[in-house]
Amino acid sequence: MSGVPSVTSSVPVRTNPVLDLLSWFGELGIFIWRVLRAAVTPPFEFGEFVRQLDEIGAKSLPLIAAAGSAIGVVLALEARNSLVRFGAKSLLPATVVFSVVTEMGPILTGLIVSGRVGAGIGAELAAMKVTEQIDAIEASSVDPYKLLAATRISACIVALPLLTLAASFCGVFMGWVAATLIEPISLVRFINTGFKGARFSDFLPPTFKTCVYGMIIGTVACFQGMRAKGGAQGVGSAATTSVVLSSLFVILADVILVKVILLLFP
Amino acid sequence: MQASQDTKPANVNSAESGEPAIDIQDVTKSFGPQLVLDGVSFKVHRGETLAVLGRSGTGKSVLLRIIIGLQVPDSGAALVLGKNMAEASAIDISTVRTQMGFLFQHAALYDSLTVEENVAFPLLHHRPNMSASERSDHVAQLLHEVGLDGHSNKMPADISGGMQKRVGLARALALAPVILLLDEPTAGLDPISSGEIDDLVLKLQEQHQLASIVVTHDMMSAKTIATRIALMNKGKVVIEGSFDDLKKSDEPFVSQFLQRDF
């Protein structure tokens, strides 16, 4: 900057991080209240909800399937080595099934959707905000919280468990493929051994906890997008913070939900 | 729209009843320490076009946003079709907004929708009983009115700035509003496109007898389309009247403004 202080640099901007944090949570609370109110008030935006379900769910499927498959393969190879050392090779199917379905599938899906969908929603809504498209929706007497936020958050809540099922299926299947390439085992036997002694309560809560991940990802991304300011920098910042914050909150929620599930379904 | 059916409709016959369609009463608005609007007052009846001129940053666009309820004044009132937009219920605001058309400065077209879908957007949400063919015909008629026949399937990014403004204007007129707010309709356009937009606004004004407010920097455009001109400086209306009234004014700021343009 050629050593000449600019007008803005000569006036230090004082911010209080604690107040900023409290303000962020306050604004988030108001945003959630508006979205909830909009979501339960007719008319409902079914068309937009289905479009978002396709955008968030169907279009994330290839990436989720690939990631789930990779996790299944890696888990089968790594776990096999360890189990062989301890003479517990027969536990390989159960190790793969339980690891993938109870934790790896859900958290992997949550983090991948945070990246792909969180960034997408954050950037899209931020671009709409800075180009006054959201104002234009409001000026047309259409509630942007209903049309843009409620539909996206609902779609995330519905899509996440479905994507998790896909990730878990691919993980278990490719785990079997990896295991059988080293030492042939039939798929039926792999599945029977893997699910032996398993209860529905072992698999349903971990799968459905991803509804909470979906709610977090959708809410944070919509909130960050709809409060964006400035031009291209504001859009970029909204996309980045959407991914960072939604990933962080998904990880925190995972820690809490694992404990809650273990307490409720011992 | 459900809301508009459930509530008493706002007074749309303001010209007949003598009430102004828009009544701005001593409105002030600040952003932090910056006072943007300082006691602004004026009235606009149906059939009138008020052009609001002034230097950049004098709060002209903020004034339009207050009128449509996107921002709330610090004090004073913006009465639109008899409703105070700062205090009205959400249902009343929604009802009033369906009777207002707003052309944003950069058109603010929905970039994921085609030209036709952009114009159809208000109809989809507020005319649920309109069939797809009726909607399509209505959109085609609006696009014809703004001179955009044959462009309905294009995306906003694929048309020029002037055409985007026309699409924005067609969208603003979709619900047959009684009030039209135009935020710099000719900004960034070449003189020929600006002239075409001015002619279009005049034609629409004659056809629909709207109460219009046009925010602009373009004195020539204001002279062409406005019945009255309000010149703003430092958040205040310095003078309000016809173009001839402005020419007769001995206010230095008014003379300065006119000399720059003429």
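Author: A residue counts as buried when its relative accessible area is under 20%, as exposed when that area is over 50%, and as partly exposed in between. The model under discussion is a predicted one. By this scale Lys209(A) is buried, because its relative accessibility is 4%.

Lys209(A) is a partner in a salt bridge with Asp254(A), and the closest N and O atoms of the two are 2.9 Å apart. Lys209(A) belongs to the loop between α8 (200-208) and α9 (210-226) of chain A, whereas Asp254(A) belongs to helix α10 of chain A, so the bridge ties together parts that lie 45 residues apart in sequence. Asp254(A) is likewise buried, since its relative accessible area is 9%.

Helix α10 of chain A, residues 232-264, also has a part in the surface: with six residues, this helix gives the most to a nonpolar patch. The patch covers about 750 Å² and includes Leu111(A), Ile251(A), Val255(A) and Phe265(A) among its members. Ile251(A) is placed in helix α10 of chain A, and its relative accessibility of 42% makes it partly exposed.

In general, side chains of opposite charge can pair when their charged atoms come close. Another pair is formed by Arg65(B) and Glu132(A), with the closest N and O atoms 3.6 Å apart. Here the partners are Arg65(B) in helix α3 (residues 60-67) of chain B and Glu132(A) in the loop between α4 and α5 (133-139) of chain A, so this pair joins two chains. Arg65(B) is buried, because its relative accessible area is 17%.

A further salt bridge, between Lys59(A) and Asp54(A), has an N to O distance of 3.9 Å. Both of its residues are partly exposed: Lys59(A) has a relative accessible area of 43%, and Asp54(A) has a relative accessibility of 36%. Beyond such pairs, a network of salt bridges links Glu48(A), Arg51(A), Glu124(A) and Arg152(A).

Helix α4 (residues 92-130) and helix α7 (residues 187-194) of chain A have axes that come within 7 Å and cross at roughly 70°. Angles of 65 to 115 degrees count as roughly perpendicular, and α4(A) is therefore roughly perpendicular to α7(A). The crossing in which α4(A) passes α7(A) is right-handed.

Terms used. Residues are numbered from 1 along each chain as its sequence is written. Chains are lettered from A and ligands numbered from 1 in the order in which they are written. This is a predicted model: local features need pLDDT of at least 70, side-chain atom pairs count only at pLDDT 80 or more; totals for chains, interfaces and linings use all residues. Side-chain values use heavy atoms; hydrogens and water are left out. Patches are made of residues with over 30% relative accessible area and no salt bridge: like charges are joined within 9 Å, nonpolar side chains (Val, Leu, Ile, Met, Phe, Trp, Tyr) within 5 Å. Accessible areas come from the Shrake-Rupley method with a 1.4 Å probe; for residues, only the protein chains shown count as cover. A salt bridge is a side-chain nitrogen of Lys or Arg within 4 Å of a carboxyl oxygen of Asp or Glu. Helices (H or I, at least four residues) and strands (E, at least two) are DSSP runs, numbered from the N terminus. Buried means under 20% relative accessible area, exposed over 50%, partly exposed in between (1.4 Å probe, protein chains only). Axes are lines fitted to C-alpha atoms, for helices over the stretch in contact, and angles run from 0 to 180 degrees between N-to-C directions. Angles under 35 degrees count as roughly parallel, over 145 as roughly antiparallel, 65 to 115 as roughly perpendicular and the rest as oblique. A crossing is left-handed if the near helix is turned anticlockwise from the far one by less than a right angle, and right-handed if clockwise.
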